[in-house]
Amino acid sequence: MAEKKKKPIGKIVLIVVVVLVALGAFGSLSGGDKGSDSSTSAGAAKTEQTEEKKPEQEPYTISDETLDTSNPYGVKITGTLVNNTDEDKSYLQIEYNLYDADGAQIGTALANINNLKAGGTWKFEATSMEKPEDVANWERVDVSGF
C-alpha cells in the first residue's frame, strides 16, 4: 500500500484563520450587527430631536373675541377661553386695552372667573364703561391667574 501524504497542521490552521477573517470583514462591510447598533442609535437621537422640537402647548386658547357695542353706556369684549393645563385654576382674569381714533388708550375692559377646571371652557365678557362711540380699537393685554 502506498503511504498517504499528510498535510501539515499549521497550513490547515492558517487557511481556517484566513477564511474566518474574510467572513468577518465581509460581515462588517455588509452592515452586520455593528451597523444595526449605529442605526438604532441614530434613530434614537432622531426621536429625541423630534420630541425637543415639539412646541409646548399654550396654557390657554382664546377664540371668538368680538367687540360688542350694543349697549350705549359701555362696551364689552366677548370670547371663549379654554384652560389647556392639567390644573384647576382658582382665579383667572383677562384684560384688554381700549383705544380712541387717535390711538390713545382710553380705558380697560376686564373679566374674571373663579374655579375653572383643567380643560374647562369659559365664555367671558370683559366689560368697560367707555362709550361705544369712543372706542375705535382694542387689544388683549394679559391673561393671568393661579
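Q: How many salt bridges does the structure hold, and what is the general idea behind them?

A: In general, side chains of opposite charge can pair when their charged atoms come close. This is a predicted model, and in it the count comes to 5 salt bridges.

Q: Which side chain meets Arg140 in a salt bridge?

A: Glu65 is the partner of Arg140, with 2.9 Å from N to O. Because Glu65 belongs to strand β1 (residues 60–68) and Arg140 to strand β6 (residues 137–145), the pair ties together parts that are 75 residues apart in sequence.

Q: Which residue forms a salt bridge with Lys76, and where in the chain do the two partners lie?

A: Lys76 forms a salt bridge with Glu125, and the closest N and O atoms of the two are 3.5 Å apart. This pair links distant parts of the chain, since Glu125 is in strand β5 (residues 121–128) and Lys76 in strand β2 (residues 75–83), 49 residues apart. Glu125 is partly exposed at 45% relative accessibility, and Lys76 is partly exposed at 24%.

Q: What does the salt bridge between Asp88 and Lys117 tie together?

A: The side chains of these two residues, Asp88 and Lys117, meet with 3.8 Å from N to O. Asp88 lies in the loop between β2 and β3 (89–99), while Lys117 lies in the loop between β4 (105–116) and β5, so the pair ties together parts that are 29 residues apart in sequence. Asp88 is partly exposed at 47% relative accessibility, whereas Lys117 is exposed at 53%.

Q: How many aromatic pairs does the structure hold, and how are the rings of Tyr96 and Trp138 placed?

A: The structure holds 4 aromatic pairs. One of them is formed by Tyr96 and Trp138, which are edge-to-face, with 5.6 Å centre to centre and 70° between the planes. The pair links distant parts of the chain, with Tyr96 in strand β3 and Trp138 in strand β6, 42 residues apart. Tyr96 is buried at 0% relative accessibility, whereas Trp138 is partly exposed at 23%.

Q: Which residues form one aromatic cluster?

A: Tyr96 and Trp138 belong to one aromatic cluster together with Trp122 and Phe124.

Terms used
Residues are numbered from 1 along each chain as its sequence is written. This is a predicted model: local features need pLDDT of at least 70, side-chain atom pairs count only at pLDDT 80 or more; totals for chains, interfaces and linings use all residues. Side-chain values use heavy atoms; hydrogens and water are left out. A salt bridge is a side-chain nitrogen of Lys or Arg within 4 Å of a carboxyl oxygen of Asp or Glu. Helices (H or I, at least four residues) and strands (E, at least two) are DSSP runs, numbered from the N terminus. Buried means under 20% relative accessible area, exposed over 50%, partly exposed in between (1.4 Å probe, protein chains only). Rings of Phe, Tyr and Trp (its six-membered ring) pair if their centres lie within 6.5 Å; planes under 30 degrees apart count as stacked, over 60 as edge-to-face and the rest as tilted.
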